[in-house]
Amino acid sequence: MTTLKFRRSILFLSFISLFLVFSACDEDEGFTPPTPDNTPSKVYFFNAVNGADLAGYIEFSPNDDNTVDAEIVLSGTEPGNTHPAAIRANSAVEGGDITVELEAIEGATGRSLTTLSNFNYEQILTLDNYVSVQLSESDQTVVAQADIGTNELSGESKEYALALRDNSGTTGALLLEQRNSGETLATITLDSVQNLTDGASHPAHIHNNTALETGGIAFTFTPVSGTTGMSMTHIATLDDGTAITYEQLLDFDGYVNVHESMENLATLIVQGDIGANELTGDEVTYPLMTQDVDGIMGEATFEKRQNGETVATLSLEGTPEGGEHPAHIHFNTAAEGGGVAVSFTPVNGTTGMSMTNIAATDDGTAITYDSLLNYDGYINVHLSAEDLATIVAQGDMGQNALTGETITYVLDSVAMPDIKGEAIFSQRNNGTTLVELTLQNTIEGGTHPAHIHANTAAEGGGIVIDLNDVDGTTGMSRTQVAAFDDGTPVTYEGLLDYDGYINVHISDDDLPTIVAQGDIGANALTGNSVTYNLGEVAGSGVSGTATFAERKDGSSRVTLVLSGTPTDGNHPARIHFNSVEEKGNVAIELSNVSGASGISQTSVMAQNNNVTISYDELIQFDGHINVHPSPDDLTTIVAQGDIGANAPE
């Protein structure tokens, strides 16, 4: 359907064409171009109505004797016809009685000229009037009209979208246009007229509050025509008589409903928030992840209104038909847990949807969209009002939302070869960290304490951060980390550079038994490594490898893996200067190799003389490794191999 704006554009273009034609005509034919710009005058353009195909304008020009010439120029008129014209009270959409009769327009020329003596030029500009043109002397149907004076549109306008409701198949828009008086012309245009009923009349109103909250009628529009899909209304006061300007409408706490009929007001065709409740376009979306019920997940979208309040929309998939799922914003992170701060409209299980207007927390404290973006909270969606303990979807929000920055550390098996996994560190908006441990083959029903320790796993160190226990049934642990156990704050970036490692223990009663372990932060491995062979010496039957792996901080993890070591053995190992053939003094002490496992791990940052040595320097070192049978016998060598610069190609 052609909108009012489009019609006016067409009329303007038609007038320009008409003006060019008139300008090209001889003045003897009775056509005079509009008054030049340097002559005081005011031009108002006509809108064609009731199916007429007319375009033109009325121009008011002052005379020296304080009278005013009112000249009408129209295109589309027909010879032999005359069109009565008049200045009428009020605006065109309101209608009004004739104030001044104008000279009828001759169809042959499309013109009329009236000299007005009851208005001066300045008064014309302040009239609350409009000009009407009728079809003929015998048919008073209005075919063209133009608002004049204070009813003229200022050029300021605001359009609000009207979304379909109740499966109407129709959408539309409300256009508010400011008049010179500060009052408003409101035009409703529905863009799917084929879904309306020809001849029907659809009531329309501005209601108080938001569409989500609902409220009583504040203003009644002219009903929308089912034939044209349009309604035009002059707004100067609300239904209770309170004056309201265009500017005030732009700040009004309201929404628009267009109804099916007076007999069926409950069925809505379209609806849309307006004024202070309009959405700004600013929005943020938080994922809601599956929790206690498989297959239910979704997202929460927060949208900002002009007044700073928030539309919160929860969209879930997998909810049961007919179910109703309470949902809330809770204090703190999901890993910490916390009480209810804001209650949402429950999620409809059939649609998976919930929409809520948020202006305050449940205790009445005002809260804005911008405040929610920094809120220390998380969202829970529960199975039912009777079973709040079962959480079907959950997600951190506000300052606790994840930025997408993550790092994963490997947790290797230690005492139990089947238990292994990973630790994922995820950055929050506030710079703190969500630490998630995920282990395989943990003990059903068991509880596995976990901690971040100081230093490398090879060195060992005290507990600096207690992590939540790993659930043996799920293999999962989630912990909010904002500080060390001593209260010192630590950020995500700080943890990425921390000199530490993670231990997961078998139980609270057996902390010495470690089931999984991994270096983190500065001690994490970069992925760069070199492996050297260690051959048996003098028929010892002991051989294996030495792997030098680079850490993030540039130091090295040296891992010896030997076969053939006795179960009760304890084998000193060292890096010596020079090659095996040349021999040399001890340069770096390595951790003893356990005979039972055949493994030794050492964090190497410096030589025995405290001269620092990096991974890059170590893999170029002029040295070799010796492994001895016991601390009491350092002269006998059971395995040996060249490293660094001496390693074979």
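**Glu-303**

I listed the contacts of Glu-303 in this predicted model, leaving out residues up to four places away in sequence. Glu-303 touches Leu-279, Asp-282, Glu-283, Glu-309, Thr-310, Val-311, Thr-313 and Tyr-369. I placed Glu-303 in strand S21, which covers residues 297-305. Is Glu-303 buried or exposed? I find that Glu-303 is buried and has no salt bridge. I then looked up the nearest side chain of opposite charge, and this is Arg-305, 8.1 Å away. A salt bridge needs the nitrogen and the carboxyl oxygen within 4 Å.

**Salt bridges**

I searched the whole structure for salt bridges and got 11. I looked at some of them one by one.

I began with Arg-111 and Glu-71, where the closest N and O atoms are 1.7 Å apart. Arg-111 belongs to strand S7 (residues 111-116) and Glu-71 to strand S4 (residues 68-75), so this pair ties together parts that lie 40 residues apart in sequence. I checked burial for this pair: both Arg-111 and Glu-71 are buried.

I went on to Glu-436 and Arg-478, which form a salt bridge with 3.4 Å between the closest N and O atoms. Glu-436 sits in strand S32 (residues 433-440) and Arg-478 in strand S35 (residues 476-481), so parts 42 residues apart in sequence are tied together by the pair. Why does Glu-436 count as buried? Its relative accessibility is 19%, and buried means under 20%. Arg-478 has a relative accessible area of 27% and is partly exposed.

I also noted the salt bridge in which the side chains of Asp-519 and Arg-551 meet, at 2.8 Å from N to O. Asp-519 is in strand S37 (residues 510-521) and Arg-551 is in strand S39 (residues 543-551), so the pair ties together parts 32 residues apart in sequence. I have Asp-519 as buried, and Arg-551 as buried too.

**The sheet with S39**

I followed strand S39 into its sheet. It is an open sheet of 8 strands with antiparallel pairing, and I wrote down the order as S42-S41-S44-S45-S38-S39-S40-S43. Which strands stand at the edges? They are S42 (586-594) and S43 (599-604); each has a single partner strand, so one side of each is left without a neighbour in the sheet. I took the twist from one strand to the next, and its average is 20°.

I then looked at the pairing of S39 with strand S40 (residues 556-563): the two run antiparallel and are joined by 8 bridges. I looked up the bridge partner of Thr-545 in S40, and it is Val-561.

Technical notes. Residues numbered from 1 in each chain as written. Predicted model: local features only at pLDDT ≥ 70, side-chain atom pairs only at ≥ 80, totals over all residues. Heavy atoms only, no water. Helix = DSSP H or I, 4+ residues; strand = E, 2+ residues; numbered from the N terminus. Buried < 20%, exposed > 50% of the residue type's maximum accessible area, 1.4 Å probe, protein only. Lys, Arg positive; Asp, Glu negative; His and termini not counted. Contact = heavy atoms within 4.5 Å. Pairing = 2+ DSSP bridges. Axes fitted to C-alpha atoms, helices over the stretch in contact; angles between N-to-C directions.
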